[in-house]
Amino acid sequence: MNEDLLLATLDEDQRRAVTHGEGPLLVLAGAGSGKTRVLTTRIAWLLATGRARSHEILAVTFTNKAAREMAERVEALLGNALRGGFVGTFHRFALQLLRRHPHEAGLPERFAVYDADDQKGLLQQVLKSLGVAEPELPLKVVRARVSAAKNALLSPEKLASAARNSRDERIAHIYKAYQQRLAAAGAVDFDDMLYLAVALLEQQDALRRGLAERFRWLLVDEYQDTNLAQARLVRLLGGPHPNLTVVGDEDQSIYRWRGAEVENILRFEEAYPRATVVTLGRNYRSAEPILRAAAALIAHNSRRRPKQLSSQAGAGVPVAVFQAADENDEARFVVDELAGVFPGTVAVLYRTNAQSRPFEAELVRRSVPYVVVGGTRFWERAEVKDALAYLRLVVAPDDELAFRRAIRVPARGVGEVAMDHLSRAAAQWGVSLPQAARRCPPALAPRARIALSEFFALIDGVAAETTAAAAVRRLLDGSGLLDQYSVDDEEDRARRANLDQLLAAAAEAGERGLDLAGFLDEVALLSDADTSAAGATVVLSTLHAAKGLEFDTVFLVGLEEGLLPLTRSGDEADAEEERRLAYVGMTRARRRLYLTWASLRRLYGQQAETRPSRFLHELPPHLLDDRSPLQGRDSFRTHLHRPTSDAARPAAAQAAERWHRPAAATPSQTVAHPPGGAGPRRSDPNGWRPGMKVRHPTFGHGVVLQVQGTAAQVRLVVFFDRAGRKVLIPSLAKLERV
DNA sequence: GCTTGCGGTATTTTT
DNA sequence: TACCGCAAGC
């Protein structure tokens, strides 16, 4: 595509960002301002104008989904794929780097990757072996602290020297022991990937320079969510004056609790003094009242750059506010309203997962199909993880955790006693636990010895297979993993089906040229990135999971003090993050936005009276349409607003609080539909279309919600009456049309 | 090694 | 209220 054509449909700000030349560039991209468009067009523009060659492009995102979308859109613009460049997540980049240079990074050739569960499991063992009694140092706290340390690039030693009290010292001590255990198992956890990649580049200057010369153009998406390690990685790759484009919006930073540093984007110009800054000021998503209300809300935050977004999406209707009696009443109202709003995409967004229940109950009662985003993910299901443990042991022969898990299921008579023998033997011989098990120490009971030799015969058999799919099939046939589950029980059938899905996924990975090790790496990094069902039907989602999505109609529910904003001990920074969360929720809406709260809410079994969220009070009333039945008497405006600390709040916020009552009567409630139907309703050359009814041998009857990918790689998101949402590959799953 | 019952706990979770 | 993790008992 030529240059003019590329730029033709961009607005002025977008064009400035896209056509920036060399040197650092910060693109402040407000909600709905065409962020991804700018990023992808910029890559295409750099290539089309000959400024960059494709192998010089390094584009990083946070999710696989975002990476895939970026790659696809660049490909669409260019007419061919980006060859030799890198488009992927931070973690994928880091892992790739470590895989290419394991020894320089101090890792064994075939190191394993531990996910969050493994990390917890190993830490648990460390706590036990150090004799740490739970109450003072619960696993969760330790895990969070260790993770935070790595994200902040602190080694165990550095953490120890920064310790302020004995508790900190003990955490540093546990951290150190944990790292030793990881090393012994030949494994890295998620946080290590970034940490070790940074360490690698800091120590190997020749390698760093080589990468810097190769990847001359760096682009980073969602920069507001980067942590210290990620920012450092970017810095190492680019140096002080890089051709670096970062795109982000501090108002949408919602991962502080995971180490994200808003300061990275707020102080970008300090880190890169000659940076150019472009602000994308036009919002193409939300109708005017929605955008104005959201802007008024976020103006109450102080740690941000003041900005103005103008709506390009039309006038629309006011934001509806509804006070429900309790959470069931809230659900009833929402489902009533959304029934009248079809067609068009609808989302119900809430702060905590627990809030989905009443909505699910009501949707089921009224037979409205819906999808819950999140829930137990495919790759986190016990049966899938059991099978993966075997496969991991095939690829990484020292992986202790994988061995412990695999040997346990199905039960084969190797229990606690045998494991104690094995641990001792491993220590004595100076080998890993699985290696010790392979040698079958003579102290073991005969039953355990037989079990172990059969177990390793299976592992070796699986290892001898040449493709990932063959390996998985061999495993399923030889391990008895399938036989644990009955054919009558509904749950068990779902488990069997999930193992079939694993086989399908391995086959599909094989088609893309991945071997077993490659498949496992992908799985480790993937964790369900494919299954967002945006654009399908009614979506129930947490605010976090809704980021980056958009819907014609959004119900933001549970706007109560303590719930949104959610408070625990809550410092001011937390309060600002809660406000950003509400902001993200509101700006997901295209045409209609509803804000609801319940004056009584059952929480932890106790029904308690609530107060409306301060966020409701922060919205200009003339943009709102109060639909509450008790209007005027008990509506949120009559509730005494008790601001936490007015003096500490920015002037803009206080100004915005001086609201005046709306003069006009309530506008009519006509619902606007986007022209030509809504959403990414893709069909597929093989004839799969959303809405199609299908039957699956295990899951029964269902409806196709979404068609992803094309031709041979089609995946269908199907909602089954009994089994809920599943992602299937139709060429492998035995799907029938009905 | 598997089941049962008790008590403690209760966000958000891109990889 | 509901679930999870753990310990005791089969």
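Visitor: Let me start with one side chain: what does Glu 337 count as, buried or exposed?

Guide: The general idea is a cut-off on relative accessible area: under 20% is buried, over 50% is exposed, and anything in between is partly exposed (1.4 Å probe, protein chains only). Here Glu 337, at 17% relative accessibility, counts as buried.

Visitor: Before we go on, what am I looking at?

Guide: This is a predicted model, where local features need pLDDT of at least 70 and side-chain atom pairs count only at pLDDT 80 or more, while totals for chains, interfaces and linings use all residues. Residues are numbered from 1 along each chain as its sequence is written, chains are lettered from A and ligands numbered from 1 in the order in which they are written, and side-chain values use heavy atoms, leaving out hydrogens and water.

Visitor: Okay, back to Glu 337. Which residue does Glu 337 meet in a salt bridge?

Guide: First the rule: a salt bridge needs a side-chain nitrogen of Lys or Arg within 4 Å of a carboxyl oxygen of Asp or Glu. Glu 337 pairs with Arg 627, at 2.6 Å from N to O. The two sit 290 residues apart: Glu 337 is in helix H16, and Arg 627 is in the loop between strand S19 (624-626) and helix H29 (651-657). Arg 627 is partly exposed, at 25% relative accessibility.

Visitor: How are those helix and strand labels assigned?

Guide: They're DSSP runs numbered from the N terminus: helices are H or I with at least four residues, strands are E with at least two.

Visitor: How many salt bridges does a search of the whole structure find?

Guide: It finds 53. Take Arg 303 and Glu 263, whose closest N and O atoms are 2.8 Å apart. Arg 303 is in the loop between helix H15 (288-298) and strand S10 (310-311), and Glu 263 is in helix H13 (residues 263-266), so this pair ties together parts 40 residues apart in sequence. Arg 303 is partly exposed at 37% relative accessible area, and Glu 263 is partly exposed too, at 23%.

Visitor: And where does Glu 330 lie, and which residue is its partner?

Guide: Glu 330 bridges to Arg 601, with 3.0 Å between the closest N and O atoms. Glu 330 lies in helix H16 (residues 327-339) and Arg 601 in strand S17 (residues 600-603), so the pair ties together parts 271 residues apart. Glu 330 is buried, at 0% relative accessible area, and Arg 601 is buried at 8%.

Visitor: Switching to helix packing: at what angle do H19 and H22 cross?

Guide: Axes are lines fitted to C-alpha atoms, for helices over the stretch in contact, and angles run from 0 to 180 degrees between N-to-C directions. Under 35 degrees is roughly parallel, over 145 roughly antiparallel, 65 to 115 roughly perpendicular, and the rest oblique. Helix H19 (residues 400-408) and helix H22 (residues 446-464) cross at roughly 110°, their axes coming within 11 Å, and are therefore roughly perpendicular.

Visitor: Which residues meet there?

Guide: Contact means heavy atoms within 4.5 Å. Phe 403, Ala 406 and Ile 407 of H19 meet Leu 452, Phe 455 and Phe 456 of H22.

Visitor: What about H19 and H20, at what angle do they pack?

Guide: H19 and helix H20 (residues 416-429) pack at about 155°, axes 12 Å apart, and are therefore roughly antiparallel. Phe 403, Arg 404 and Ile 407 of H19 make the contact with Met 419, Leu 422 and Ser 423 of H20.
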